[in-house]
Amino acid sequence: MQSNIIVFLKIEENYILSLLLLVLVIFLPSTTSITIPDSVTSIEYKAFSDCSSLTNAYFMGDAPGNFGWHVFESCAQTFSIYYKEEKSG
């Protein structure tokens, strides 16, 4: 069974977003896809590392200004990042 996560909240505090993502990743280990809206401005260190089922990340806006190290480390071997043509990845 495939599972997708769409981050749809506009959260002002990066701590809350990091906590939300941590909970989602821990409790949905079969997640294969995540969609990150343009309201996300920061993705912290190793936010999605070791999510071995994660194959796709879709950015709806520009890449976040604060993008930590090893964010997608050890995801699926076929892992890919996608972003809209008019945005910068």
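Helices (H or I, at least four residues) and strands (E, at least two) are DSSP runs, numbered from the N terminus. This is a predicted model: local features need pLDDT of at least 70, side-chain atom pairs count only at pLDDT 80 or more, and totals for chains, interfaces and linings use all residues. Residues are numbered from 1 along each chain as its sequence is written, and side-chain values use heavy atoms, with hydrogens and water left out.

**Exercise 1. Describe the fold order and the overall burial of the protein chain.**

Step 1. Count the elements. The protein chain has 1 helix and 6 strands.

Step 2. Read them along the sequence. The pattern is β-α-β-β-β-β-β.

Step 3. Check burial (buried means under 20% relative accessible area, exposed over 50%, partly exposed in between; 1.4 Å probe, protein chains only). Of the 89 residues in the protein chain, 36% are buried.

Step 4. Check contacts (heavy atoms within 4.5 Å). Take those between residues at least 6 apart in sequence: 54% join residues at least 24 apart.

**Exercise 2. Which residues touch the most other members of the largest nonpolar core?**

Step 1. Define the set. A nonpolar core is a set of buried Ala, Val, Leu, Ile, Met, Phe, Trp, Tyr and Cys residues joined through side-chain atoms within 4.5 Å.

Step 2. Among 13 residues, Ile43, Phe48, Leu54 and Phe72 touch the most other members.

Step 3. Trace the suppliers. Strand 2 (31-36) and strand 4 each give this core at least two residues.

Step 4. Recall the background. In soluble globular proteins, nonpolar side chains tend to be buried together.

**Exercise 3. Characterise the surface patch that includes Met60.**

Step 1. List the members. Tyr58, Met60 and Tyr82 form a nonpolar patch on the surface. Patch residues have over 30% relative accessible area and no salt bridge; like charges are joined within 9 Å, nonpolar side chains (Val, Leu, Ile, Met, Phe, Trp, Tyr) within 5 Å. A salt bridge is a side-chain nitrogen of Lys or Arg within 4 Å of a carboxyl oxygen of Asp or Glu.

Step 2. Give the area (Shrake-Rupley method, 1.4 Å probe; for residues, only the protein chains shown count as cover). Together the three have about 250 Å² of accessible area.

Step 3. Met60 lies in the loop between strand 4 and strand 5. Met60 is partly exposed at 31%.

**Exercise 4. Where are the positive phi values at Asp50 and His70?**

Step 1. Take Asp50. Asp50 is not a glycine, yet its phi is about 65°. Asp50 is in the loop between strand 3 and strand 4, and is exposed at 55%.

Step 2. Take His70. His70 has a phi of about 55°. His70 is in the loop between strand 5 and strand 6, and is partly exposed at 38%.
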